[in-house]
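Inspect the model first, then read on.

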2 protein chains.
Amino acid sequence: MDSLDIQSILQSSNFQAFWADYDFLKIEDLMALVNTGKLQQLPKNQHFIQAGEFSKKVGFILEGLIRFYHLKDGEEYNLVFKHEFQMASSFECIVLKQATSYSYEALEDTLLLVFDYDQMEELFAQNQRLERFGRYFIQQELAMAVKVFEKHLFYSPEERYLKFLEEYPHLMNRVPLKHLASFMGVTPVSLSRIRKRVADNRN
Amino acid sequence: MDSLDIQSILQSSNFQAFWADYDFLKIEDLMALVNTGKLQQLPKNQHFIQAGEFSKKVGFILEGLIRFYHLKDGEEYNLVFKHEFQMASSFECIVLKQATSYSYEALEDTLLLVFDYDQMEELFAQNQRLERFGRYFIQQELAMAVKVFEKHLFYSPEERYLKFLEEYPHLMNRVPLKHLASFMGVTPVSLSRIRKRVADNRN
DNA sequence: AGAAAAAATTTACAAAAGATAAGTTCGTGA
DNA sequence: TCACGAACTTATCTTTTGTAAATTTTTTCT
């Protein structure tokens, strides 16, 4: 993919909206960062990072959808779905300095801008605005993680399903129900019952 | 509390262990940061931050234990317990720029070093090593948050109780069971049943 | 120390979720 | 377009949790 494509993405209204939070950054800061990234096309059902790897890749999703999951006793547990303008990377490798126990798998054909964390750090060390951008970005990730977590604690599975419907309507048709069930912390069978209950109560 | 006390805390082995992750910081960086903080004694059962407030306080716990909880329909939901060398602050106020819907309440007499987030930001802008320290610290917080979250998704309430026992034995005697139950996502009644089951299986 | 309040446990019952199995629908590729 | 496999739904049975109320234990306060 050539630089023309990057340009068109950077100029899209979606990217501009994402970007609004980081107005202290200069355009040349952004370009310095973007220039260290490589575009990667990740076809549906393929992995970006596999459990067991030690990878410091940081993927910024430009297009598509990826699930972040853990495999335990043959069961897969989806923690979160990452979509456009979100980040896919292994906090275990980068922060905890361990091999990752999680995997990232594309649910759709996905386009990523892929960075190397160590290279990003070098850049951050040279450019304090980028360093701050890095911190703000992580703070956003933390805030979003808490928002996801709180739904598991405050709401019943049925309420979580309704919340998901109203909060992520655009993901409803992109995420297979078995993965949604896993994300919600129930079995696919149970999700199916919940959907039936909800449908019946609205007849 | 005078500077002598800060000195003795900074020289404690617990603090040194916490500090080992941030070896790129110079001692004068640390002192510059510490000097902007104020010591606060927070008696048991008192709030550090109350739901509804807009507070950018950042409390670094030197001693004691605080619960981070949310009130919904008269029920309290504990998301996490913060102890020594962890941070208590409102991500909603700081990151999302909203009033907080969460509260922090001391479960023990607690000693905090309290910063103002905006003042911290100024300091970070002047000192890139501190800026990086800020980012690393948040990254650690995110990693810990995911580790807490994953237990809710991967494990049953009974397994969560056993995990808590082995992972936080030092918190077991510090956290009342009703708050532990809330943290585990079950009612106190259910936790009581779980404890009985576990005890019976070990007879 | 003793009274009052809060916390923890126990019991009974109702509701929901898990496991398993079987049947149906949907999609994809040959 | 047909056939195969994956995804989803339905049914049955078992286990666990939630709610409510009563009882015991622990903590707090005077």
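## Polar contacts across the interface

In this predicted model, 18 residue pairs are in polar contact across the interface of chain A and chain B, both partners at pLDDT 80 or more. Salt bridges between chain A and chain B number 8. One example pairs the side chains of Glu131(A) and Arg135(B), with an N to O distance of 2.5 Å.

Several elements of chain A build its side of the contact. β4 (66-72), β5 (75-82), α4 (91-94), α5 (117-126), α6 (128-154) and α9 each supply at least two residues. The largest share comes from α6(A), with 21 residues. By class, the side of chain A that touches chain B has 21 nonpolar, 10 polar and 10 charged residues.

## Extent of the interface

Chain A brings 41 residues to the contact, and chain B brings 41 residues. Together the two chains bury about 3900 Å² between them. Carbon and sulfur atoms carry 65% of that buried area.

## Symmetry of the pair

How is chain A laid on chain B? A turn of 180° with a shift of 0.0 Å along the axis does it, at an RMSD of 0.1 Å. That is the relation of a two-fold axis. Within chain A, Arg135(A) has the C-alpha nearest the axis, 2.3 Å from it.

## DNA strand C

DNA strand C is surrounded by 16 residues. The closest are Ser190(A), Arg193(A), Arg197(A), Leu177(B) and Lys178(B).

Two side chains of chain A reach phosphate oxygens of DNA strand C. For Ser190(A), a polar side-chain atom lies 3.1 Å from a phosphate oxygen. For Arg197(A), the corresponding distance is 2.9 Å. Chain B supplies a base contact: a polar side-chain atom of Arg193(B) is 3.4 Å from a base nitrogen of DNA strand C.

Which elements each supply at least two residues of the surface near DNA strand C? They are α10 of chain A, plus α9 (177-184) and α10 of chain B. α10(B) gives the most, with 5 residues. The surface divides into 6 nonpolar, 4 polar and 6 charged residues.

## DNA strand D

Around DNA strand D there are 18 residues, the closest being Leu177(A), Lys178(A), Ser192(A), Thr187(B) and Arg193(B).

Chain B makes phosphate contacts here. An N or O atom in the side chain of Thr187(B) is 3.1 Å from a phosphate oxygen of DNA strand D. A polar side-chain atom of Arg197(B) lies 3.2 Å from a phosphate oxygen of DNA strand D. Chain A supplies a base contact: a polar side-chain atom of Arg193(A) is 3.5 Å from a base oxygen of DNA strand D.

The surface near DNA strand D takes at least two residues from each of α9 (177-184) and α10 (188-200) of chain A, and from α10 (188-200) of chain B. Its residues comprise 7 nonpolar, 4 polar and 7 charged.

Methods. Residues are numbered from 1 along each chain as its sequence is written. Chains are lettered from A and ligands numbered from 1 in the order in which they are written. This is a predicted model: local features need pLDDT of at least 70, side-chain atom pairs count only at pLDDT 80 or more; totals for chains, interfaces and linings use all residues. Side-chain values use heavy atoms; hydrogens and water are left out. A residue is near a molecule or strand if one of its heavy atoms lies within 4 Å of it. A polar contact is a pair of N or O atoms within 3.5 Å; within protein, one must be able to donate a hydrogen and the other to accept it, and residues adjacent in sequence count only if both atoms are side-chain atoms. Helices (H or I, at least four residues) and strands (E, at least two) are DSSP runs, numbered from the N terminus. Ala, Val, Leu, Ile, Met, Phe, Trp, Tyr, Cys and Pro count as nonpolar, Asp, Glu, Lys and Arg as charged, and the others, Gly among them, as polar. Contact means heavy atoms within 4.5 Å. Buried area is the accessible area (1.4 Å probe) that two parts lose on being put together, summed over both. A salt bridge is a side-chain nitrogen of Lys or Arg within 4 Å of a carboxyl oxygen of Asp or Glu. Copies are superposed by least squares on the C-alpha atoms of residues with pLDDT of at least 70 in both.
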